[in-house]
Amino acid sequence: MTQSEIPALPLADLNARGFSISRRGLAVGAAALILPNRLYAQTAPASASPADSAIVVDRARIDPIPIAIPVFAGGDSVAQRMGNDIAGVITNNLARSGLFRTIDPAAFIGQDTNDVPNFANWKGIGAQALVTGKVDSQGGNKLRVEFRLWDVLPGQQIQGTAYSADSTNWRRIAHIISDVIYERLLGEKGYFDTRVCYIAGSGPRDRRVKRLAIMDQDGENNRFLTDGTWIAKTPRFHPSQDKVAFMSYANNRPRVYMYDLDTQRQSVLGDFSGMTLSPRFAPDGNSVVMAQTTPGGNADIYTVDLASRRSHQLTNSGSIDVSPCYSPDGTQIVFNSDRGGDQQLYVMGADGSNPRRISFGNGRYGTPVWSPRGDLIAYTRLFESTFAIGVMRPDGSGERILSESFYVEGPTFAPNGRVIMFWRETPARDNRGTGFSARLVSIDITGFNERQIPTPTDASEPAWGPLLA
Amino acid sequence: MNVKILGAFAAVALLAACSDNTAKTSGSGATATGSGIVPGSQEDLVANVGDRVFYDFNKSGLKTDGKATLDRQAAWLAKYAQNNVQVAGNCDERGTEEYNIALGQRRAAAARDYLVAKGVASTRVTTISYGKDRPTALGSNEAAWAQNRNAITSVR
């Protein structure tokens, strides 16, 4: 796929401080300097400072940006269909984020026939931002998609980019455009051009088939990676390569494996006599931290170097130490241990030094995962008869429950740290297991905008991958 | 291959459900009575010895009736010295996946250690944990969860 900036169109009403299109490419970090203030959604920063966490929650609910996304124009019928589909994917992405209000196309006035939109019509329906685009078939399977993002009130082009790619990549183009819109209007990176690995469940509860599966973050392009012969569990994305670490019961020897998404080959990770589980990659991608069970029925935490496959033991507490996860700077590890009697969260140095308990609320705590921003740890909490997904600061303060029900587990952060995905189970209604289901859910870290992710089967144990582009 | 293994699991589960009543009425240690059960077989273990022990919520300590079951298993294994077994630890659905895998392993290890202490050679007993992936009872209620907190012995 290639991309190129397209210049701002000559606009009759362009005012004196109008800017020409950025030529720095997509990674424009200074959007806040360029855009008029009114274009920002009044969202809280994902990294709440201690004093204002209560305000964060309130502010996050108001003022999503009203944005109009008409169908992208197409030169022929194929391009027209694709233009329709691309606009649909962008609309779905932005609407699901909860930070944009996508205006119903039924409200649109007239149709822009020129490259320059009729801003009065868009102002008239309350749009603050407008996305326009064109799709051209370029022979063979090639496609050129041009898009422009407009600030409606002053009638300015904020961004213009053209993408050339195989037509089979049309969804990725739509996700990349969504990320550009998100970043230009909100001032932080998006998370739409990403994939999610998860465990697909099917069949009766006592003979459950659990397959490794992967899909786009919006649930599309679903693929099953393993055939279900053996139980697959706990997938985790490599931070930069097309690899996934997961647990497989292959040959009834439960071990952590590496799965290569390109070659579709898997290989056992490390040479352990005990069962290995709960892998997580180090932020530099060079090693994996995971747990090994001991003959006596405990579990210790180890690292395995991916190049040499040599292992190194980090804990030896005579208890169950599982679910380790690095801080994004790689200096610390949060994990789950019952060394104090029941399941709680602990943080230690990346070399295993100075473990200290950080969870002191009501109940037991598990599955800690460090935010990519470094400021929060998300977890599962079990208290009395309910499960909850929550976040706390790495020192254990500022605990906040985001979602609570009969069963929720396993938070995973979007690469920008703004959204968490987890899974929810609905209890069986009878002793045949009727009514049981497991579904993936996403939620804003403020605790609002909870959405189910469509999956073809039951789904659990999501792992959000890095941005592809 | 795996389909066959799964099928065996289902059969064990069904027989186990029957064995509760059998045990109550005929007492433990009864020999097979005209049911075609081969002595020393998995069916024999299930019907006449008891193939599983149960645990309290979030615990891995053996209870009195569990120890009695394991005593019978140890005697049965002494009698059928050609049999090796796998002890599979299981958990109810009221715990997180990864911790439950370790907890199931701890339950399996507790049962295995008891058998070894009663004279079964450690080389004859392997362990595995299925966490909460292989429940016996399919409901979402306390009765089902109590059944699913177990360690199940099966002939390998």
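In chain A, 47% of the 469 residues count as buried. This is a predicted model, with an ipTM of 0.86 and a pTM of 0.86. Chain A holds 5 helices and 31 strands, whereas chain B holds 5 helices and 4 strands. The contact between the chains takes 40 residues from chain A and 29 residues from chain B.

**Chain B: fold and confidence**

- The elements of chain B follow the order α-α-β-α-β-α-β-α-β from the N terminus.
- Chain B has 156 residues, of which 47% count as buried.
- Among the contacts in chain B with a separation of 6 or more, 71% are between residues 24 or more positions apart.
- The average pLDDT of chain B is 84, and 78% of its residues score at least 70.
- Residues 1-30 of chain B have a pLDDT below 50.

- On the side of chain B that touches chain A, at least two residues each come from α1 (2-26), α4 (97-117) and β3 (125-129) of chain B.
- The element that gives the most to this side is α4(B), with 10 residues.
- By residue class, the side of chain B that touches chain A has 15 nonpolar, 9 polar and 5 charged residues.

**Chain A: contacts and nonpolar cores**

- For chain A, 46% of the contacts between residues at least 6 apart in sequence join residues at least 24 apart.
- The largest nonpolar core comprises 81 residues. Those with the most contacts inside this core are A:Tyr198, A:Ile377, A:Ala378 and A:Ile420.
- Beyond its neighbours within four places in sequence, A:Ala378 contacts A:Val369, A:Ser371, A:Ile389, A:Val391, A:Pro411, A:Phe413 and A:Ile420.
- As a general point, nonpolar side chains in soluble globular proteins tend to be buried together.

**Chain A: the sheet β15-β16-β17-β18**

- Four strands of chain A form an open sheet in the order β15-β16-β17-β18, with antiparallel pairing.
- The edges are β15 (276-281) and β18 (311-313) of chain A; each has a single partner strand, so one side of each lacks a neighbour in the sheet.
- Neighbouring strands of this sheet are turned against each other by 25 degrees on average, direction ignored.
- β15(A) and β16 (residues 287-293) of chain A run antiparallel and are joined by 4 bridges.
- A:Phe281 has A:Val288 in β16(A) as its bridge partner.
- In general, strands of a sheet pair through backbone hydrogen bonds, in either a parallel or an antiparallel arrangement.

**Chain A: the hairpin β11-β12**

- A hairpin of 5 residues connects β11(A) to β12(A).
- β11(A) pairs with β12 (residues 243-248) of chain A over 4 bridges, in the antiparallel sense.
- Opposite A:Ala245 in β12(A) stands A:Arg236.
- β11 (residues 232-237) of chain A is largely enclosed by the rest of the structure, because 6 of its 6 residues are buried.

Methods
Residues numbered from 1 in each chain as written. Chains lettered and ligands numbered in written order. Predicted model: local features only at pLDDT ≥ 70, side-chain atom pairs only at ≥ 80, totals over all residues. Buried ≥ 20, exposed ≤ 12 C-beta atoms within 10 Å, placed from the backbone. Contact = placed C-beta atoms within 7 Å. Nonpolar A, V, L, I, M, F, W, Y, C, P; charged D, E, K, R; others polar. Core = buried A, V, L, I, M, F, W, Y, C linked by C-beta atoms within 7 Å. Pairing = 2+ DSSP bridges. Axes fitted to C-alpha atoms, helices over the stretch in contact; angles between N-to-C directions. pLDDT = per-residue confidence, 0-100.
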